Every structure is written in C-alpha cells, then in structure tokens.
Amino acid sequence: MMSVTITTILLFLSVLVGDWLSSGGQDAKGQKKDQPSYYAAVFLNRGHVSVGASSNIGLFRREVDDTTWRNIYHPNLFTFSIGLWQHGLTRWYYIAGGNGLHRSTDGGESWRVLTGWQTEEILSVALDPIDSSVLYVATPFGVFRSTDRGNRWEKKIKGMKKWFVQRVIIDWRDRRTIYAAAEDDLYRSRDCGEQWVALGVGVPGILTVLQHPINPSVLLVGTDNDGVRVSVDGGKTWKAGRGMPQTAFYALRSSREGQTLYAGGYKTGLWKSEDAGVTWLLIWAAPEVEAIFSIFVHPEDSRHLIVGTSGQGVYESLDGGRSWKSAGLNGAHVKQIELYP
Amino acid sequence: MGLVSAMKRFPAIVCLILFAALFGVSRGQPSFEQRRLRLIDVVSGERDRGFFTVTAKFVAGKDKEFALQMLDSLTTDESIGGMFYSYAAIGCYLTLHDQLPDSLNCKIRRAFRERTMYRGDTENHWVMYYTGIYLAAQTWPNEGRSQWFNGKSSEENFMEAEGWLNQWIKVSSTIGQGEFDSPTYFITFITPVLTLYEFARDPVMRKKAQMMADLLFADFAVEHLKGNYCGGHSRDYPEDVINPLAAPAALWAWLYFGEPKLELWQETRFRPRHRGGWETVIGAMSSYRLPDIIYQIATDRSKPYVHTETKRVRNVIRFGLEKNSPVYKYMYMTPHYALGSLHGGILQPIQQHTWDVTYVSDKPNNTIFTLHPFYSGKELAMFFPEEQKFLADEVDRYHKVYTNPKKWNSSSPYEQTFQHKNTIIVLYDIVKGAMHPHIDGFFPKNLDERIEDASGWIFCRAGPTYVAFYPLKPYQWIEEDVNWRWRSKELKNGVVLEVGSSDEDGSFEQFKQRVTRGKPEFQGFDKNLTVQYRTRSGDRMKFTFNRERVLNGKPVKLTDYRFFNGPFLQSDRGSGVVKMTYRDRVRVLDFNTVTVKE
C-alpha cells in the first residue's frame with residue numbers, strides 16, 4: 001500500500017516537474033518561477049483612446065533576462081502605480097488604477113477591485129509593512145484608509161486644506177507616520193492618518209515624496225513647478241535642491257543604501273545627488289525624452305537604472321547612467337517600475 | 001418589458017412599418033409611433049457594427065444572420081470595450097437572449113468575466129458603466145468573485161452599481177448634472193437611463209430611471225427649438241456647436257418631439273453625426289413613453305419666455321475652493337430664436353459652449369456666438385488627475401482641437417456674460433500672456449444679410465430673425481468654409497448683442513432703427529471693465545467684469561436662481577422636487593418619495 005502511495009507521489013511529482021520544465025520553468029502568466037521580474041505601471045499609451053480598450057496600457061511584466069514586456073492584467077486600465085506586500089511566501093500585488101485599487105493574491109492570475117465608487121481614481125497605494133490589513137490610498141479627494149484588507153475604506157483628511165493627494169507613503173521607521181503629497185503642501189500624520197499637519201514645504205503642487213532609506217529625517221519632494229525640495233530635519237525646514245531647474249519633477253528614487261538619489265521630470269533629463277539631495281548633477285540630458293515619470297535603481301546593482309517616460313516607454317542603463325538604450329513599451333506613459341518576486 | 005413583448009409581436013411591427021411607410025408620410029407629420037418604427041426600420045438596414053444595430057435587426061426581423069455575425073465579432077474583438085460596451089452589451093443580451101444561440105449568450109457573459117470594463121473618468125462614463133454593471137449583476141446573480149472581471153461577486157457589483165446610480169440620480173435631481181444640457185453627450189445619458197428603465201427588476205430603480213428620463217427630456221424640452229438644443233452647454237463637439245442640428249440630441253428631438261420635421265440622417269447639409277452608434281434606436285425600441293406634457297413644453301413656442309436654471313460645475317479635484325459650485329443658466333425662447341447663456345468662466349474643461357443665439361432655419365449653421373479659445377493644462381488639471389503639463393496634449397490627441405486657436409468650443413476664465421431677455425453683454429478680460437489672446441465670433445455665411453452699420457452695430461438677418469451685434473473694440477473678418485470668423489485681438493473686450501424678429505420688431509429696417517437709437521456706453525472700459533446699455537425695450541443693463549450685474553438699477557443676484565424657474569419648469573435647488581407646468585396641467589417628479597403626480 002505504502003509503495004503504491006510513494007509511487008503515485010513520485011509519478012505526480014515527475015509530471016509536475018516535467019510540466020514545469022516543458023514550460024520553460026514558467027507559470028501560467030509566463031513568469032519564471034523563483035526569479036524576480038520587472039513590473040511597469042502603464043498609465044496611457046500614445047494613440048490610446050480612453051473609452052475603448054487597449055492592450056497597450058495596464059500592468060506589464062518583463063523577465064530580468066528578457067527584453068519583452070507582457071501585459072499581465074486585463075488591458076484597458078489606467079494604471080497609476082503598483083505595490084507589493086510580502087511576508088514569507090505570501091505575496092500580494094496591488095494596482096492603483098482607474099477602476100480603483102486592485103489586488104492579486106495569486107501572482108497575477110486573478111485580481112479583485114477593493115474600492116468602490118466613493119474613492120474614484122486611486123493614484124497611489126501605501127501598504128503597512130507589518131499588518132497586511134492596513135492600506136492607504138491617495139486619491140483626488142484625499143487619503144483613504146482601510147484596516148480590514150480593503151473591504152471598507154474611510155476618508156482621512158482631517159487637517160488637510162486641499163483634498164488632491166497624488167502620493168502617500170509610510171515612514172519606514174515608524175509605520176504610524178504617513179506622508180501625503182498634496183496639492184498645497186506635504187502633509188504628515190503621526191497617527192495612521194487620523195490627523196494631518198502641513199509641513200510647510202513653501203511651494204504648492206507636491207507630486208511625489210521620498211524618504212531617505214538610511215536617514216529617515218531626510219525627506220525630498222518633487223513639485224509641479226518648483227523643482228525638488230529637500231528637508232534634512234524631518235520636514236521642519238526645506239530648501240530647493242541646488243543645481244536643478246525649477247520645473248516639474250515627477251520621479252524621485254534612491255539606491256538601496258541611499259548613497260545616490262535620482263530625480264527626473266518635465267524636460268529635465270535625469271539628475272543625481274550624492275549628498276542626500278542637497279546638490280544635484282545632471283547625468284543624462286535625454287533631449288529625446290519629454291518627461292521622466294518613474295525611476296528604478298536595481299537593489300543589487302546600483303549602476304543598473306531604468307526610467308519610465310511620458311510616451312516613450314522605458315530606457316535602461318547598465319553603467320550608472322552614462323549610456324542608455326530604449327528598452328521597450330514604446331509609446332507608453334510609465335508611471336512606476338519595480339522589481340518584484 | 002415593452003421591447004421583449006414587441007419582439008413577440010413582430011409580425012404586427014412589420015405591418016405597422018408598412019402602414020407608416022404607406023400612410024404616415026403622405027398624411028403629414030408622422031406620429032411618435034410612426035417615427036419610432038421608421039427609425040427601427042432604418043437602423044435595421046444599417047451595416048455598421050454595433051449592439052444597437054444588432055438589436056434593431058432582430059426587432060425588425062431583418063438580416064438576422066448578419067446580425068449574429070456582428071454580435072459574434074463584438075464579443076470576440078478585444079480591441080473594443082469599456083463603459084460604452086458594458087451597457088450596450090447587456091442591453092442587447094437582455095433584449096435578445098431568448099433568440100440568440102447559447103454560444104453567443106455565453107460569449108456576452110464571458111465578456112463580463114474576462115474583459116476589463118473600464119469605468120472611465122467622466123459623469124457620462126460612469127452612468128454607462130454602472131448601468132451595465134447593475135444590469136449584468138442583476139442578470140447573473142449569486143455568482144462568485146471569480147466570475148467577474150473585477151473580482152467582485154454579483155452581489156457586490158450590484159450593490160456598488162446601485163449605490164452610485166442612486167447617488168447620481170440624487171445629485172442630478174437636486175443640484176444638477178455636471179455634464180448638463182449637452183447636445184453631444186445627451187445620448188450618453190438618455191440611452192443608459194432608458195436601458196435601465198427597460199430592464200431593472202427593482203421597481204424603485206425602474207421608477208427612478210423613468211423619472212430621470214422625464215427629467216432629462218424636460219431639461220432638454222425647455223431649451224429646445226425645432227430640433228435645436230439651444231443656449232449654453234457644458235460640453236459640445238465643435239461641429240455641433242456651429243451646426244446645431246448635426247448634434248446627436250437632434251435625432252432624439254426628432255423622435256420624441258417630432259422636430260425638426262426632417263429625417264435628419266438623410267440631410268447631408270446638416271452633416272449629421274447621429275448615425276454614429278444609432279443610440280436613438282434604443283428610444284425607438286423602448287417601452288418608455290414621453291409624457292405628453294413634456295412634448296407640449298418642447299414644442300409650444302406660441303409665447304416667448306424666460307427660463308433660468310442652475311446646474312453644477314463638474315467635479316473640481318484641485319485648484320478650486322468648491323467641488324461643485326453652481327452654474328447659472330439663462331434662456332430667452334421665442335418662436336423664431338433662442339438666446340441662452342451660462343454665466344461664464346471655467347465651468348467645464350475642453351468643450352464648454354458659453355452662449356449663443358440659435359434661430360429656426362432650413363439652412364445649416366443656424367447660430368451666432370463668440371468665445372475666447374482658451375486652453376491650459378491647469379484648467380484640465382482642475383478636473384483630471386494627470387500631470388498638468390501633459391494634459392493638453394493628451395486631450396488634443398482625442399478631442400483634436402483643444403489647443404487650436406480657431407476652435408469653436410471653449411471655457412475661459414476671461415469670459416463672463418450678463419443676459420436679460422433678448423439682450424446679452426459678453427465681456428472679456430484676457431490677461432497678457434494668455435494662450436490665444438483673441439476672441440472669435442461665428443457668423444454663418446448663409447445669413448440673408450450681414451451689414452456693418454456706421455453706428456458701430458453689425459446687423460444680421462436670417463429669415464424673420466434679426467441680430468444686432470456691437471463690438472466694443474476693433475475687429476476683422478476672416479472668411480472660412482461655412483462662416484465668417486469675426487476676430488478681435490483686444491484683450492479687454494466685449495460685445496453687446498440684441499436679437500429680434502418680425503414678430504417683435506416688424507421689419508428688419510424697423511429693428512435696425514430701434515437698435516440704433518441706443519448704443520453701449522463703455523467709457524474708460526480698459527480700467528473699469530464696465531458696460532452700460534439701454535435695450536431697445538428700455539431696460540437698463542450695467543455689467544462690470546468680475547463684479548456686479550445690474551438690471552434697471554437693481555443688482556442681479558445669480559445666487560437667487562432656482563434649480564429650474566420658468567413657465568414650464570419649477571424647482572428649488574436641493575429640493576429634489578421638479579414641477580412641470582403646461583397650461584392647466586401639472587406633473588411633479590418627487591425624487592424624495594420616488595413618485596410622479598400628474
């Protein structure tokens with residue numbers, strides 16, 4: 001009896017391994033198992049008509065050793081940003097998009113919209129690093145919080161003077177502290193969004209916010225018309241990033257250890273700072289690129305950079321930004337690029 | 001379900017069509033019944049792919065095989081989808097599923113499982129999307145999350161759609177639509193509302209849909225003149241702005257109001273765009289019947305009247321103090337023309353039409369108006385969440401003309417109006433450095449007369465309608481295809497316009513003489529931005545840009561405007577009760593109790 005059982009198990013395993021090998025070690029969505037992939041949030045694509053359908057927008061994935069991006073979620077979804085909550089083998093992927101906040105708990109096989117009509121468009125999502133029940137989203141009508149994995153949402157705008165919030169992030173040092181990049185200022189809440197206080201950046205139109213990965217008191221914001229503003233004292237005082245144009249900066253990113261920060265925006269090219277955002281140097285003029293919407297720095301190799309552009313897909317550099325090549329998603333507005341398992 | 005029962009009475013429909021064809025036209029204006037059958041007949045002969053065409057072919061019993069091929073293509077073509085798809089697909093299914101092969105029924109069901117029904121980002125998108133989701137969830141209840149494209153169960157989808165539709169109906173019946181009175185987008189509201197009316201099983205939702213259809217038609221009716229949707233509009237396509245009978249709403253007017261008395265799809269002079277998706281056939285196939293009182297309101301132009309309304313600004317997400325501040329509308333309607341206006345400023349992005357005079361004519365382009373062709377990323381960013389430096393380009397990619405200095409639709413923060421009956425003062429205070437620093441006026445070439453008088457007035461005549469137009473500043477004429485473009489490049493600027501007719505003024509000469517007795521006063525205009533004018537009827541108007549409007553010495557308070565106020569429609573803003581009046585008849589829509597009394 002036992003030998004039959006063992007034989008059955010071995011046979012079953014051999015079938016599984018055989019299937020896995022014959023598929024090139026890929027799952028149903030074409031992802032190679034146990035290997036991270038690049039994910040890109042594509043908001044629009046030139047030529048896309050918003051009321052129809054298009055396979056050129058949505059969530060795209062590219063294997064690390066491949067050059068082809070594949071749309072892995074139903075097309076026709078404006079995708080503003082993405083997120084991953086990971087604990088052990090549990091991986092929940094999030095899409096913040098036109099129809100709301102989507103979550104996949106099965107590696108992208110299926111997705112569920114977590115929000116309803118009250119939240120309208122979801123511009124970004126922040127995930128509590130410990131408690132998977134707690135989610136924050138930025139919307140045109142303020143910050144919404146869920147404490148039950150997205151089943152119910154509460155609007156959290158007490159203390160905010162303006163309601164448009166482009167981005168929300170969680171302080172990596174204190175998960176009760178939340179930052180919201182809003183129309184008039186950068187706001188901070190120290191109580192999970194219950195009460196917000198404006199930090200007084202000094203210029204309006206805060207589009208994005210970055211907290212330094214090593215020094216949590218260093219905060220940077222990208223603004224709509226006034227370049228990058230930097231605070232080295234936890235938001236008490238702010239200064240303009242030196243050497244940069246005073247225009248729109250949409251993207252801020254840090255290398256894993258925080259030695260190098262990157263910034264890009266509207267007709268800015270790509271800038272880097274090696275002193276926590278105080279001074280900046282242009283490393284790629286990128287005259288052919290109208291705007292940089294997103295920046296990715298490889299966590300294992302900080303010389304490997306990928307930028308997402310406005311309507312020109314993604315560009316990639318393997319030498320720290322000295323040379324660049326077009327790397328797919330032609331025509332796409334790429335709002336975020338991540339490396340996810 | 002009228003449509004379903006109509007299907008069962010198909011042979012009778014054929015007889016009716018034949019009857020209509022044989023006797024309707026020869027006996028003069030066809031009845032609604034004849035018009036609707038005629039439309040079904042016409043659309044059922046169309047070859048353009050669409051759910052409405054498919055449905056019409058089945059209802060008329062024409063070309064069924066071809067219709068099935070069309071439907072198969074519609075359900076398998078991944079290049080189409082979204083909110084337009086969702087409500088049309090489920091409407092088609094609910095009408096025809098008894099007659100469709102199982103494979104096609106399954107394909108329609110599968111579309112709601114596998115295709116992303118994008119919700120969109122405008123009011124009309126959401127009405128279409130949630131109507132589709134509501135009816136689909138109602139049709140396939142008790143199905144789990146894996147059976148729906150959005151991972152929500154049937155119950156969850158139904159509750160969400162029901163919640164939003166209830167909210168939309170409440171807002172629309174108390175403070176008005178954001179995309180209000182649109183000759184172009186009327187179809188994107190009335191078609192899903194009629195679909196909801198036809199198929200909602202919940203009697204309360206069905207009643208609400210019926211009341212919303214009444215409200216949409218009544219709102220149209222008071223500003224309707226012989227097929228034209230007159231006055232200021234939240235959104236209008238440029239080709240419809242300069243040729244009102246080209247607008248899709250005109251075909252709905254033909255179907256329900258019987259005006260114009262033309263089969264518009266055959267009238268190439270109006271360059272009709274109604275053909276499009278043939279949405280109007282949904283009205284023709286619906287069991288909804290327009291209350292006669294609305295028909296009378298739409299067509300009785302025996303007496304001139306003033307009608308005012310408030311609507312709401314589309315959702316402002318940034319650069320504003322209020323999410324939905326009021327829009328103030330004014331309309332003066334006569335048998336020959338209508339002069340109507342919004343109070344001005346940015347009330348809508350992209351396609352606002354602030355004011356016009358529209359007159360009855362058998363010629364196209366029967367309208368005169370001015371505008372400042374403003375555009376800015378910031379304006380768009382007030383309403384859309386994308387980066388403002390890209391919005392203008394993105395909008396241009398779809399709507400083609402947004403940044404065009406010659407465009408014929410635009411909101412502008414530098415334009416305001418003050419209307420009293422058949423007179424309007426339009427003022428402009430364009431800041432230096434603004435994009436396209438000029439104002440344009442549309443004057444059709446086919447006017448019977450256009451005369452530049454030594455008094456400074458420009459007089460126009462179109463049949464029995466007379467227009468007097470007084471520019472405050474120098475201008476030039478630019479000849480174009482169908483019109484003369486009146487253009488003035490002065491930044492601080494304005495026009496005064498009076499409209500008359502043979503009924504009011506006798507001859508054109510008499511009109512001119514009455515008008516030239518007066519002249520706008522605007523000394524020191526560049527500093528005080530003030531115009532005073534005594535109309536030919538003796539009313540004294542004084543208007544200062546960004547400040548007060550004064551009529552006969554008394555300030556006009558726009559904030560006093562009711563939701564609807566005129567001889568035919570009355571409602572207080574926020575009340576949810578709309579009263580229709582025609583002679584001794586009254587119909588009351590009470591959205592609070594979901595009741596109709598007549």
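**Notes on the A/B model**

1. Chain A has an open four-stranded sheet, ordered β4-β5-β6-β7 with antiparallel pairing. Its edge strands, each pairing on one side only, are β4 (79-87) and β7 (112-113) of chain A. Strands here are DSSP E runs of at least two residues, helices H or I runs of at least four, both numbered from the N terminus; two strands pair if DSSP finds at least two bridges between them.

2. A word on the source: this is a predicted model, with local features needing pLDDT of at least 70, side-chain atom pairs counting only at pLDDT 80 or more, and totals for chains, interfaces and linings using all residues. Residues are numbered from 1 along each chain as its sequence is written, while chains are lettered from A and ligands numbered from 1 in the order in which they are written.

3. Back in the sheet, β5 (residues 90-97) and β6 (residues 100-104) of chain A run antiparallel and are joined by five bridges. Across from Y94(A) you'll find R103(A) in β6(A).

4. Over in chain B, look at α3 (residues 32-44). It is largely enclosed by the rest of the structure, because 10 of its 13 residues are buried (20 or more other C-beta atoms within 10 Å of a residue's own; exposed is 12 or fewer, partly exposed in between, with C-beta atoms placed from the backbone). Among the buried ones are R35(B), R36(B), R38(B) and D41(B).

5. As for the interface, 30 residues of chain A are in contact with 32 of chain B (C-beta atoms, placed from the backbone, within 7 Å).

Conventions: Two residues are in contact if their C-beta atoms, placed from the backbone, lie within 7 Å.
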